[in-house]
Structure formats: C-alpha cells, structure tokens
Amino acid sequence: MSNIVFRELTDSIDNFRNLHKWCSQKDVWEWFEQRLLTYDEIIEKYQNKLAINEEDMYIINYNKKDIGFTQIYKFVNYMKIIPECQNIIEFDIYMDNMFIGQGIGTEVVKKECKFIFDNYNCDAIVLRPFSRNIRAIKCYEKCGFKFIKEYDGQDTLGNPEKISIFYIKKP
C-alpha cells in the first residue's frame with residue numbers, strides 16, 4: 001500500500017526546483033500555463049501566491065518522494081451549478097510525468113478528496129479541467145466525480161478553451 005502525504009508548500013529552493021522540473025514537462029505546462037516558465041518565473045509566481053495566501057498549496061509526496069503539486073481554494077459557485085451546496089472547494093493538481101499512467105494519480109485524487117472533506121468545511125469538491133484533457137477526466141471519473149456541464153472559457157494566455165465541470169459531494 002502506498003503512502004501519500006500532502007506537505008505544505010514553503011518558500012524553499014528544493015520546492016522551487018521541483019515545481020520548475022514539473023512545470024517544464026509538456027504534460028504539465030500544456031494544461032496549466034500553456035507555456036514554459038523559467039525558474040525565476042516559478043519562484044516569483046509561487047512566492048507571490050505564498051504571500052497572498054488565498055489558497056492552500058501542497059507538495060504531493062508518494063512513498064517518500066515528492067511527485068507533484070496541488071492547490072486548494074474556495075470555489076465561487078457563481079454559476080449555481082450545485083444549488084444545494086453552499087461550501088464548495090476546488091483544487092488543481094499536477095504530477096511528475098514519471099508517475100502518470102500507473103494509477104497513482106487516481107490514488108492521489110482519492111486521498112486528496114478525503115483530505116479536503118476531513119479538513120475543510122465543504123459540501124462538495126469541484127474540478128474544472130480543459131474538456132480535451134481526457135486523461136485527467138478519466139481519472140476524476142474513476143474517483144467518483146460526476147460531469148455537470150461544459151462551458152466556454154479561456155486558458156492562462158486568453159485563448160478560447162472548452163472547460164468541463166465535475167463534482168463530488170461529501171459522503
């Protein structure tokens with residue numbers, strides 16, 4: 001059985017090196033930044049996020065090895081997509097591509113959902129992948145997430161992008 005731990009992101013060289021390594025992989029930047037970020041841009045981005053403190057950020061550790069990153073934040077239910085839920089959490093996640101395609105992502109997402117339901121006051125969790133990110137969508141569905149709708153959105157560069165909304169309610 002694997003051991004998955006979410007370790008709070010801190011302002012450290014090791015964390016920034018890992019973030020840069022992961023964000024340099026096409027499987028990550030294609031879905032998150034839509035471009036490669038330099039090491040200095042990674043440091044600036046995540047130091048700013050740490051200073052603002054609007055989301056909780058964690059390094060994902062799998063069997064004592066750092067393999068990815070996740071950020072957890074309150075979802076603004078402006079579309080009223082889950083009317084019966086008042087407190088909704090959303091998270092973003094990316095992992096080192098060496099750990100993709102082995103079922104580890106599914107384990108991590110399930111563990112993160114449990115972590116969120118145990119530690120955050122929420123009724124549901126929402127995920128919003130690009131609709132063309134089929135691998136992520138299959139993982140989320142394996143974890144029990146249900147499709148709500150698709151909408152026209154934008155990527156981080158402002159390009160049009162179809163975005164799917166998935167949710168899972170607190171057990």
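1. Gln 34 counts as buried, because its relative accessibility is 12% (buried means under 20% relative accessible area, exposed over 50%, partly exposed in between, with a 1.4 Å probe and protein chains only). This is a predicted model, in which local features need pLDDT of at least 70, side-chain atom pairs count only at pLDDT 80 or more, and totals for chains, interfaces and linings use all residues. Residues are numbered from 1 along each chain as its sequence is written, and side-chain values use heavy atoms, with hydrogens and water left out.

2. Gln 34 sits in the loop between helix 2 (26-32) and helix 3 (39-52). Helices (H or I, at least four residues) and strands (E, at least two) are DSSP runs, numbered from the N terminus. The phi of Gln 34 is positive, about 65°, although Gln 34 is not a glycine. Most residues other than glycine have a negative phi.

3. Lys 64 also has a positive phi, about 70°, and is not a glycine. Its place is the loop between strand 2 (56-62) and strand 3 (65-74). Is Lys 64 buried or exposed? Lys 64 is exposed, with a relative accessible area of 75%.

4. The largest nonpolar core has 30 residues. Such a core is a set of buried Ala, Val, Leu, Ile, Met, Phe, Trp, Tyr and Cys residues joined through side-chain atoms within 4.5 Å. Phe 91, Val 108, Val 109 and Phe 145 touch the most other members. Helix 4 gives the most to this core, six residues.

5. Phe 145 has contacts (heavy atoms within 4.5 Å) that include Phe 91, Cys 113, Tyr 140 and Ile 168, leaving aside residues up to four places away in sequence.
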